[in-house]
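Subject: A structure for you to look at

Dear colleague,

I am passing on the structure below, and I would be glad if you kept it open while you read my notes. The notes go through the terms as they come up.

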Amino acid sequence: MKVLIIEDEVALANSLRILLKGKGFSVECVYNGEDGRDYALTGVYDLLILDVMMPKLNGLEVARQVRSQRCGTPILMLTAKSSLADRVAGLNAGADYYLTKPFATQELMACVNALLRRQGNQVDELRMGNTALDLAACTLVCGENCVRLSAREYDVMRFLLQSKNSVVPKEVILSKVWGFDSNAVENHVEVYVGLLRKKLASIGSNVRISAIRRLGYHLEVVQND
């Protein structure tokens, strides 16, 4: 899924980009309202994250112009302006949700996921074999058994499930989960794969994370005798 970030604070835009790319999104950033409007109107994005106070064209006007062209892409508006009148203005301009700065990462991701689910672009679980990853609860479920995952375990497991039977190199998992600017190394991937293997076994899952020497990891379903 593709996300467009329209934010003139370059540091914040880049932080959001890294966060979302780590969650598996494809992300582009623009730093003024006019570019944001033009990019948004291409219609290729699944979500717009839009600041209000920006040069050339403010976020309220961007939202109005995007909506006037019948672009229905969900808009998550980010701003430091938190009064009731400001929130109402944002929603009336065409935003689907209004999140004030500063905000917690968990709250941002909850908003992103909620908006995408509303559009029908995101499922509630990923399933393979007798096991499901509950995307809302961050748990692995097998029959009546379940186990909660840490945030990083969840990100690794989700990426592997989204990749289905493909072999995923360690460096790709690093870039997708930890981000390109992270200091994490391949050993971090090995550690979390080990933790996930134990948790899969603990709930009786028939899904295995197999290592292909010098290539990477892939998921497979093992049939019990």
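A crossing of two helices is called left-handed if the near helix is turned anticlockwise from the far one by less than a right angle, and right-handed if it is turned clockwise. Please note that this is a predicted model, in which local features need pLDDT of at least 70 and side-chain atom pairs count only at pLDDT 80 or more, while totals for chains, interfaces and linings use all residues. Residues are numbered from 1 along each chain as its sequence is written, and side-chain values use heavy atoms, with hydrogens and water left out.

The chain has eight helices and eleven strands, where helices (H or I, at least four residues) and strands (E, at least two) are DSSP runs numbered from the N terminus. Of its 225 residues, 44% are buried, that is, under 20% relative accessible area with a 1.4 Å probe and protein chains only.

One part to look at is an open sheet of four strands, in the order β6-β7-β8-β9 with antiparallel pairing; two strands pair if DSSP finds at least two bridges between them. Its edge strands, β6 (125–128) and β9 (145–148), each pair on one side only. Strand β8 (residues 139–142) is joined to β9 by four bridges, and C142 has N145 of β9 as its bridge partner.

Helix α6 (residues 151–162) lies across β6, β7 (131–134), β8 and β9, and runs at about 125° to β7. Axes here are lines fitted to C-alpha atoms, for helices over the stretch in contact, and angles run from 0 to 180 degrees between N-to-C directions.

Helix α6 also packs against helix α7 (residues 170–178), at an angle of about 125° and with the axes 10 Å apart. This makes α6 oblique to α7, because angles under 35 degrees count as roughly parallel, over 145 as roughly antiparallel, 65 to 115 as roughly perpendicular and the rest as oblique. The crossing of α6 and α7 is right-handed. In contact (heavy atoms within 4.5 Å) are R152, D155, V156, F159 and L160 of α6 with V172, I173, K176, V177 and W178 of α7.

With helix α8 (residues 186–202), the axis of α6 comes within 10 Å and crosses at roughly 85°, which means that α6 is roughly perpendicular to α8. Here R152, E153, V156 and M157 of α6 meet Y192, L195, L196, K199 and L200 of α8.

Notes: Buried means under 20% relative accessible area, exposed over 50%, partly exposed in between (1.4 Å probe, protein chains only).
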